[in-house]
Amino acid sequence: ATPIAILISGRGSNMQAFIDAVQAGELGARIALVLSNNPDAGGLQRAREAGIDTAVINHRDYASREDFDAAMVARLREAGAELVILAGFMRILTSVFITAFSGRLLNIHPSLLPKYPGLNTHQRALDAGDSEAGVTVHFVTEELDGGPPVLQARVPVEPDDTADTLAARVIVEEHKIYPLAAQWYLEGRLQLSDQGAFLDGERIPEGGIQ
Ligand code: GAR
């Protein structure tokens, strides 16, 4: 099984989906490390309960984003991580980190990218009167939430939705598509090149596979 690392900042429900997928035999990976910038991240406890090594690298302990990123890169290399999964990791990464794991770094973002990069995605979808919302798994490049999409899932927006009810509908889809995209990578089917993301040698279309 390929060693992977998962980076979290919060409750870690996507991380839990990876733990469950490994336990179910659906993911050819070993979770070598769960790393958080936030010592209070709820997901750390969930990881420990699953017997997974955890580490905290607190961004507040570093003078610059680059120093923080270099510390994380060192820890991830020590863990032997061959794929890095950003799962609700809420720090902006610099090129120090992104170049170290280029092509081996996936993120999940709770919008139909390229719509709504950044924060408050569900409220922004509601404010815009969108009839659907969703989530995107994408390769991470230096452009914030702008790397090539791999996989996208859509949900309807209901008339009386709040950001919370919409988020609850979207997260169900997150937990399905993120381990699936990772499994494609682990099977050697998914690649990043200068031309974009490729699955089985075919360029993945703009919004990702639907
Ligand atoms: C998820 O909805 C994820 O898509 C989002 O944070 C949540 C984390 O939940 N990520 C971002 O907004 C990245 N900018 P989780 O900790 O339960 O997986």
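The structure is a predicted model, in which local features need pLDDT of at least 70 and side-chain atom pairs count only at pLDDT 80 or more, while totals for chains, interfaces and linings use all residues. Residues are numbered from 1 along each chain as its sequence is written, and side-chain values use heavy atoms, with hydrogens and water left out.

We can begin with the ligand. Its shell (residues with a heavy atom within 4 Å of it) consists of R11, G12, S13, N14, G88, M90, I108, H109, P110, I171 and E174. By class, this shell holds four nonpolar, five polar and two charged residues; here Ala, Val, Leu, Ile, Met, Phe, Trp, Tyr, Cys and Pro count as nonpolar, Asp, Glu, Lys and Arg as charged, and the others, Gly among them, as polar. At least two shell residues come from each of helix 1 (13–23), strand 5 (105–109) and helix 6 (163–186). Helices (H or I, at least four residues) and strands (E, at least two) are DSSP runs, numbered from the N terminus.

A polar side-chain atom of R11 is placed 2.5 Å from a ligand oxygen, and a polar backbone atom of G12 lies 2.9 Å from a ligand oxygen. For E174, an N or O atom of the side chain is 2.8 Å from an oxygen atom of the ligand. On its own the ligand has 450 Å² of accessible area (Shrake-Rupley method, 1.4 Å probe), and the protein covers 86% of this area.

The ligand sits in the largest pocket, where sitting requires more than half of its atoms to lie within 2 Å of the pocket's grid points. The largest pocket has a volume of about 980 Å³, a volume being the space filled by probe spheres set on the points, which are joined across faces, edges and corners. It is lined by 39 residues, with G88, F89, M90, I108 and P110 the closest to its centre. Helix 6 gives the largest share of this lining, six residues, and helix 1, strand 5 and helix 5 (121–127) are also among the elements that each supply at least two. The lining comprises 16 nonpolar, 16 polar and seven charged residues.

The largest cavity has a volume of about 60 Å³. Among its 13 lining residues, L112, Y116, A125, A133 and G134 lie nearest the centre. Helix 5 and strand 6 (132–139) are the elements that give two or more residues to this lining, which contains six nonpolar, four polar and three charged residues.

Two backbone features complete the description. L113 and P114 are joined by a cis peptide bond with omega of about 15°, and P114 belongs to the loop between strand 5 and helix 5. Y116 is also found in the loop between strand 5 and helix 5; although not a glycine, Y116 has a positive phi of about 55°.

Note on methods: A polar contact is a pair of N or O atoms within 3.5 Å; within protein, one must be able to donate a hydrogen and the other to accept it, and residues adjacent in sequence count only if both atoms are side-chain atoms. On a 1 Å grid over the protein atoms alone, a cavity is a set of points where a 1.4 Å probe fits but cannot get out, and a pocket is an open set with protein on both sides within 12 Å along at least five of seven lines; lining residues have an atom within 4 Å of a point.
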